[in-house]
Amino acid sequence: TKYVYSFSEGTKEMKSLLGGKGANLAEMSIIGLPVPPGFTITTQACTDYYKQNKELWSDLLDEIKSKLAELEQTMGKKLGDATNPLLVSVRSGAVFSMPGMMDTILNLGLNDESVEGIAKAMNNPRLAYDSYRRFIQMFADVAMDVPKYKFEAILERTKEQKGYHYDTELTAEDLKGIVAEFKTVYKLEIGKDFPSDPFEQLLMAVRAVFNSWNNPRAITYRRLNDIPHDLGTAVNVQSMVFGNTGDKSGTGVAFTRNPSTGENKLFGEYLINAQGEDVVAGIRTPQSIDTLKDDMPAVYDEFIRITQLLENHYKDMQDIEFTVEDEKLYILQTRNGKRTSQAAINVAVDMVEEGRISKEEAVLRIEPERVNELLHPKFEDKALKAAHLLAKGLPASPGAAAGKVYFNAEDCVAASSKGEKTLLVRLETSPEDIEGMVAAEGILTARGGMTSHAAVVARGMGKCCVAGCGTLRIDERAGFFKVGDLTVKEGDYISLDGSTGSVYLGAVDRVEPKLSGKFETLMTWVDGMRKLKVRTNADTPKDARIAVDFGAEGIGLCRTEHMFFEAERIPAVREMIIAQSLEARMTALAKLLPMQREDFMGIFRAMGERSVTIRLLDPPLHEFLPREEKDIIELARTMSIPVDDLKARVDDLQEFNPMLGHRGCRLAVTYPEIYAMQAQAIIEGAIAVKKEGIDVKPEIMIPLIGSVKELAYVKSIVTEVADDIIAKSDVKLNYLVGTMIEIPRAAITADEIAKEAQFFSFGTNDLTQMGFGFSRDDANKFLGEYEEKGILEKDPFQVLDQAGIGKLVKMGCELGRSTNPDIHLGICGEHGGEPSSVEFCHRIGLDYVSCSPFRVPVARIAAAHAAL
Ligand code: ADP
Ligand code: MG
Ligand code: MG
């Protein structure tokens, strides 16, 4: 096996072997861009390193040596040389970009001799010692785990003593002193001298990069982003160029389009006289890329040419890292840029219109899950005007977030897990903060630019972020920040507007968003590509209308029990439940009938000619009765029945295991009149709306069926009432009767059941519960552990378990169609809006998925992906 490739030996297609960074460095070298030469140690070397108990083996060492010799030859310099030494960077590069997760060491090869070599060769002692101090600090931090602040403190102290404001004011002499102090710190911390042999430095660095693949931050990032843990990272060894030689040098980051909005305009920042991560670290505030035009016009023109070339070459928005050394431009990295979902959509649609990519490609570039972000609320105009503006930072990642302030990741996670809405407020974020950033509604930092860690990561997550809010004086330890005289303490509410960078006091009201024309364009393409229909789960006309706006093609699940909980109705519902005789029950049901009819009419009107699947009453009856003693007494009084009678009835209805108890169609077996009333309300409502000129399509769904006889019996209650009403009316109304398949026995005997059903709707929430035997209400007590121990990959209540529960669904479809070829098939569990489950539904040939209104666009895109 070949483990080490020169940049000239790779291509962009070799990502899985060379990592994203390595493959693109190779590609850029080959197409003639100014990339400092180097080589890549493959991801396979990393995985083999783990197999060999984290030891570098001799064949690999030989290969590294020979590629290094080649590089020295190309550069005409030698590592560690005392007159004109080669310096290299050692850069990690995983297959999927993991910003800030893995570590990089710059200026490797420096020691007390070679530093003088650089000083002479470049005629710049300041550069030499600035590079040396950076190298010691990075090496100690990355390779040896010496905390950064031990070095930062020395740097800060020196600056203070000398009365400097910026690092760039430090002189060669200052830096020399700092290097000496750094080495002392290193020795104190590690117990050994700082390694002076450059090849030993190189091997230690390579191992450090390999080891960083399994640091906790990297593991967390992979877990959150579904990246497999066994891919490994490549290591890139690249000759150094210097952005820190003086005012004619610098380093920066740029996106070929705006990563927040998608606007087709170069977007980026750079710092003069700086190296490596100074831009991202937010130590000095960087300048906008536009001013490079004035600073160094020739470099700017060349940079523009290259950014356009790269975007054309990769046919996607690029995120480019560059360095200028004495007015010579070098490109150090390119990759497809992370972007907000709004930008993703705008860029994809623009690129189709620019003739760069196909519509299919554009649709495939949109991650279904992330579209969700676009649909979420914005601040309400009036509330915003009235709000107290605290401060303004950079609009780093759009969105509107309101929540309680927390000053570190752990507190954020803890508060969020208690259901609080939180905001993470930090001086600046680092990869250690990832879990807190995930938990928070939004992120606010006092330092750092548009490409700071907080900004990049937040955009990647689609999370609201305001960065670089310099007027905040944050005391993270004490748990407060100040703006002017105003103090905001931990737990206080503030609001962030990531599109403007504004920070407001208190929780500002929010409103539903409006979608852009480009979103509409994209969704028309999506709808042309998918086979699966998308319906919604909606119980009210309001939800139904939202869903129709989001593109719902019908209601797949309208739960009727929610209608029973309304304040004016609950007395009649309770009366119905407590009734001791059929007669008394009928009286109560007669009170509910007109209300139910109104409910359905509202929904039919909202849905127009789209199908509406209405599920008959499903929960156990005790859910409608009070539990507390005082509420029972109160209810008995209003119903004028003896308290003891009521208590007896409440006790009567209690069950040990209500989810497996007297619910669903079982209620209709004991109390047929309940479903009869609901059927009457549905059909009468449908007739009334049909008379208004809407061709309604009601579908009556019977829940919790386990056997065909059960369905046949309950169905007869419904059809008798329905047919009778239709016969007596003067309109022609078609309706369907079908059932949910949510009990494993129903899936297994679906061929029998299909003879009595016009449609099946797979209720995968209950099917998962009963298929696994996991209680939906209690399973999260142990499911976390199942995931951690790898017994389950995903929570099966969120992501359909295709191998087991999915198999039941597939079997249900096949058996159902075998006896009833016209049967209509859908899914109405939570899974109907989860992309991988939607894809599964497409594969097994369901007719539709049904999901909550906000997930409808997600499901539409997922369905298009499945069909492509
Ligand atoms: P990350 O993956 O965290 O972005 P990189 O490997 O890209 O880490 O390194 C970070 C930065 O270090 C680069 O953006 C670049 O500015 C600087 N850098 C890396 N290699 C070199 C090099 N050979 N010469 C000069 N600067 C370099
Ligand atoms: Mg890094
Ligand atoms: Mg980089």
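1. Helix α5 (residues 125–144) contains Arg 133; helices here are DSSP runs of H or I of at least four residues, strands runs of E of at least two, numbered from the N terminus. Arg 133 is buried, its relative accessible area being 5% (buried: under 20%; exposed: over 50%; partly exposed: in between; 1.4 Å probe, protein chains only). Beyond neighbours within four places in sequence, Arg 133 is in contact (heavy atoms within 4.5 Å) with Leu 155, Asp 167, Leu 175, Ile 178, Val 179 and Phe 182.

2. The model is predicted: local features need pLDDT of at least 70 and side-chain atom pairs pLDDT 80 or more, whereas totals for chains, interfaces and linings use all residues. Residues are numbered from 1 along each chain as its sequence is written, chains are lettered from A and ligands numbered from 1 in the order written, and side-chain values use heavy atoms, without hydrogens and water.

3. Glu 321 belongs to strand β11 (residues 318–325) and Gln 333 to strand β12 (residues 328–336), 12 residues apart. Glu 321 is partly exposed at 23% relative accessible area, while Gln 333 is buried at 6%.

4. An oxygen atom of ligand 1 lies 2.4 Å from a side-chain N or O atom of Glu 321; for the side chain of Gln 333, the corresponding distance to an oxygen atom of ligand 1 is 2.7 Å.

Methods
Polar contact = N/O pair within 3.5 Å; in protein donor to acceptor, adjacent residues only side chain to side chain.
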